[in-house]
There are 2 protein chains.
Amino acid sequence: MDKIQQDLFITTILSNWELAVKRASKIFDGYSDEELLLPIAPGKNRVVYLLGHLTAVHDRMLPVLGLGERKYPQLDELFVSNPDNPATTLPPIAELRSQWTTGNALLTEKLSAWTPGEWLERHTAVSAEDFAKEPHRNKLNIVLNRTGHLSYHLGQLALLKK
Amino acid sequence: MDKIQQDLFITTILSNWELAVKRASKIFDGYSDEELLLPIAPGKNRVVYLLGHLTAVHDRMLPVLGLGERKYPQLDELFVSNPDNPATTLPPIAELRSQWTTGNALLTEKLSAWTPGEWLERHTAVSAEDFAKEPHRNKLNIVLNRTGHLSYHLGQLALLKK
């Protein structure tokens, strides 16, 4: 595989990630602050929960991928560690929207700067010992997995027709 | 990038596809034939529709990826061209289950045999002219896209708790 082919592998993987982020952004942008409080289906998560959840999960990618400290660790309590609860007080919606946008832009910028070798490096959620035995537990795997996680929730968001 | 690194890129991408297929199979296998007739949420697609839909979409990958003729083109009428309709007659459920399993096994076997260069080849849904301008519209892109499509519906299937 020559340099052009290596770059193509990475471009294709990145464009898939970016497309999924773009689709989600379009959905979130299409809802007013009040509409974000609608559940995706009766008795299921509200759209705003998925906005906060996805922002938190993407924020957690920073340390896992060795890209620095998290920006929004405070989101975990509401959007990762606990299920959606309409009785709890939410942070300002404008802040959540801004964190979604800023967080993804930062992440995508950092991923775009990786060399092919960096994509195959160990991520911090696997030990050096396990990684030696399972080298597919690399940074690429995290990006593919999180793109899949985003698609998973995109499918749920699609159930709520405006 | 050396040979080992090339292979790792591909192994990681393939294991992501296989994991998504495995998760879906586990869900479908966990439902009785009668339970497959349940909708994933009130008024939404039935589980059996998603089983047929995903089998058909994966079957369509064969010609798009230059891997041969489709095996189950008859599924399109019920599961791709039309929305779910509980009033229409379904094919035998056992047949749908078997096509899901056989189709994915065939596809995964063929993907596993590709060289790195083959992953970057043009797929048949893009013209040679467009591909020259947009080389990321390659076979890898189809596999990533369909893995995302599968994750999208996995998120919907997860809403129906047994």
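Select chain A and chain B together: about 3,000 Å² is buried between them, 71% of it on carbon and sulfur atoms. Buried area here is the accessible area (1.4 Å probe) that two parts lose on being put together, summed over both. Within chain A, pick Met1(A), Phe9(A) and Leu159(A), which supply 21% of the area that chain A buries against chain B, more than any other three residues.

This is a predicted model, in which local features need pLDDT of at least 70, side-chain atom pairs count only at pLDDT 80 or more, and totals for chains, interfaces and linings use all residues. Residues are numbered from 1 along each chain as its sequence is written, chains are lettered from A and ligands numbered from 1 in the order in which they are written, and side-chain values use heavy atoms, with hydrogens and water left out.

Next, display the interface residues. Contact (heavy atoms within 4.5 Å) joins 33 residues of chain A to 33 residues of chain B. On the chain A side, 18 of these residues are nonpolar, 14 polar and 1 charged; the nonpolar class is Ala, Val, Leu, Ile, Met, Phe, Trp, Tyr, Cys and Pro, the charged class Asp, Glu, Lys and Arg, and the others, Gly among them, are polar.

Now turn to the core. The largest nonpolar core has 90 residues, and those with the most contacts inside it are Phe28(A), Leu111(A), Trp119(A), Phe28(B), Leu111(B) and Trp119(B). Such a core is a set of buried Ala, Val, Leu, Ile, Met, Phe, Trp, Tyr and Cys residues joined through side-chain atoms within 4.5 Å. Centre on Phe28(B): leaving aside neighbours within four places in sequence, its contacts include Leu36(B), Trp100(B) and Leu157(B).

Move to helix H2 of chain A and select Met61(A). Is this residue buried or exposed? Met61(A) counts as buried because its relative accessible area is 1%, the class being defined as under 20% (1.4 Å probe, protein chains only). Beyond four places in sequence, Met61(A) touches Trp17(A), Leu107(A), Ile142(A), Val143(A) and Arg146(A).

Asp59(A) is buried, at 4% relative accessibility. Its side chain reaches the backbone nitrogen of Lys71(A) at 2.9 Å. Apart from neighbours within four places in sequence, Asp59(A) is in contact with Arg70(A), Lys71(A), Tyr72(A) and Pro73(A).

Definitions and conventions: Buried means under 20% relative accessible area, exposed over 50%, partly exposed in between (1.4 Å probe, protein chains only). A polar contact is a pair of N or O atoms within 3.5 Å; within protein, one must be able to donate a hydrogen and the other to accept it, and residues adjacent in sequence count only if both atoms are side-chain atoms. Helices (H or I, at least four residues) and strands (E, at least two) are DSSP runs, numbered from the N terminus.
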